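The sequence and the model come before my notes.

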Amino acid sequence: MKILGLISICITGWLLLSAVSDFPEWGDPHSPANSYQVSQHYITKTFAETSVPNMVTAVLADYRGYDTMFETVVIFTAGIAIIGILRRYDSSSNTINKPESFTEKPKEDLIIRTNCRLLIPIIQIFALYVIAHGHLSPGGGFQGGVIFGASFILLSLAHDLKTVQKKLPEGRILTLAGTGILIYAGFGFATIVLGNNFLDYSILSKIMLGTPIEARSHSMLGVEIGVAFTVAAIMFSIYSNLVSGGKMKEGL
Amino acid sequence: MEFLDSISGKFNYWVYIVLMMIGLYAMISKNNLIKKLIGMSIFQTAIILFYVSIGVKDGATIPILRHDQVHHTHATEYHHEITEHTSTTVTHSTAAKEKHTESGPDEISINPDDFANPLPHVLMLTAIVVGVSTLGVGLAVTQKIYREFGSIEENEIIKKITSDQ
Amino acid sequence: MIWEFDLIILIFLVITAIISLQVRDLLSAAMIFGIYSFLMCLLWAEMAAVDVAFTEAAVGAGVSTVFLIATVFRTSRRSSD
């Protein structure tokens, strides 16, 4: 099997390497991908059309908003699939035989707990900053959501999975994940109700009291918040299922 | 030096193929399921490296407008807001709309060659987050297999399946 | 973009990819895979893709390493190859 794999990847790699000479030079501004009018339009017209300086967020949440909405649905589906694969509701004594290196459970360390108590609020504030400034600086719903979920993962690593579950039970996490997608889809349906295309935010200026260009900028922020809800909740849900083997009782 | 320049134009593409083949080899011939998943992740990042390499421009900056480019138009918008507040609140939105269309877009001049191509970045940003959730599903399946067969080595699992039949 | 910097990171990337697949201890493999992700993040920041680099730093180097360690904790730590 190893020899067979080696031969096949050598053939595939040789084919791909022989095609490299046809690629444009690395960093060429006039290569087909860089001189195509779609990307030129995004660079030159984004600020005039949406008043958002960060082109990546503008394209992500506005021009390609339909794409991003279903990427969020993919993440939600992955979280649900992991619950479907791993979750066990029985409380039988069918424990897994852990390897020896992990069985010694050390006592909870004072230094680690104090450090985490200091760090977690800062991490969460930073996550909120990343979400709120996603259209002005690098960042956005995906990054901020992952950082926010990581702060809960840090809490459950420092203390226990149960400590987090007192604050965030499983049902509440999944409700938050669904709320995120509903916020996103709600913006889309609001645009339909007001008479525009799906996720064409400029019509929302009727509700938001601003110019259509400002409405696009503010709707992007709302959509990013929706994405952040889903991503943060699903990241913590995946972690808690993986680390407890689906029992949601004891963790690392 | 010319030789180095000729290499430097292409080596990103070579390395992306090397990384992709490392990941593919791990997915085909590694015995351990977690090693296979790490190989899958390396494959994914190699594809993302390829896409990001396409969008690079020589001498270009990050695809976020600089402060002075934004500030110029913000100053005019701020002026609009002042005039809006002095006008009546009933015609608030319509007046602002007209003001914005008459000035605004033409005043900014942005050269596309000064900014990296944002389109590959957008496509790959979502690919990374979807990649981590597929990695999570793969790890969940691995745990389920371990629970059923007590092993994550491929040959031991196949041995157990054939001996059960 | 600075191509000397780019070349150095690419060499380290190939080395860490090979090591993370060759090492027998799966916990070490997960940690070295985290280093690989962080090098990839540096490479993208250098190529002016700041949003992609930010996502990779949060997701690849942070959360996916934690997922791998969680699975290693629940399954076996030793690998035969």
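Are A:Asp62 and A:Arg216 buried or exposed? I began here, bearing in mind that this is a predicted model, and I found that A:Asp62 and A:Arg216 are both buried. I noted that these two residues form a salt bridge, with 2.9 Å between the closest N and O atoms. I then looked up where the partners sit, and the pair turns out to link distant parts of the chain, since A:Asp62 belongs to helix α4 of chain A and A:Arg216 to helix α12 of chain A, 154 residues apart.

Next I turned to A:Arg87, which forms a salt bridge with A:Glu170, the closest N and O atoms being 3.0 Å apart. This pair also links distant parts of the chain: I placed A:Arg87 in the loop between α5 and α6 (100-103) of chain A, and A:Glu170 in helix α10 (residues 170-193) of chain A, 83 residues apart. I recorded A:Arg87 as buried, because its relative accessible area is 18%, under the 20% limit.

C:Arg77 lies in the segment after α3 (50-74) of chain C and C:Asp25 in the loop between α1 (3-22) and α2 (26-46) of chain C, so the pair ties together parts that are 52 residues apart in sequence. I wrote down C:Arg77 as partly exposed, at 22% relative accessibility, whereas C:Asp25 counts as buried, at 13%. Over all chains, the salt bridges come to six.

I then went to the contact between chain A and chain B, to which chain A gives 62 residues and chain B 60 residues. The area buried between these chains is about 5700 Å², and carbon and sulfur atoms give 74% of that area. Of the area that chain A buries against chain B, 14% is supplied by A:Trp26, A:Ile43 and A:Phe47, which is more than any other three residues supply.

How many salt bridges are there between chain A and chain B? I found one, in which the side chains of B:Lys10 and A:Glu25 meet at 3.4 Å, N to O. I also noted 13 residue pairs in polar contact between chain A and chain B, with both residues at pLDDT 80 or more. On the side of chain A that touches chain B, α1(A) gives the largest share, nine residues. By class, I recorded that side of chain A as 37 nonpolar, 18 polar and seven charged residues.

Terms used: Residues are numbered from 1 along each chain as its sequence is written. Chains are lettered from A and ligands numbered from 1 in the order in which they are written. This is a predicted model: local features need pLDDT of at least 70, side-chain atom pairs count only at pLDDT 80 or more; totals for chains, interfaces and linings use all residues. Side-chain values use heavy atoms; hydrogens and water are left out. Contact means heavy atoms within 4.5 Å. Buried area is the accessible area (1.4 Å probe) that two parts lose on being put together, summed over both. A salt bridge is a side-chain nitrogen of Lys or Arg within 4 Å of a carboxyl oxygen of Asp or Glu. A polar contact is a pair of N or O atoms within 3.5 Å; within protein, one must be able to donate a hydrogen and the other to accept it, and residues adjacent in sequence count only if both atoms are side-chain atoms. Helices (H or I, at least four residues) and strands (E, at least two) are DSSP runs, numbered from the N terminus. Ala, Val, Leu, Ile, Met, Phe, Trp, Tyr, Cys and Pro count as nonpolar, Asp, Glu, Lys and Arg as charged, and the others, Gly among them, as polar. Buried means under 20% relative accessible area, exposed over 50%, partly exposed in between (1.4 Å probe, protein chains only).
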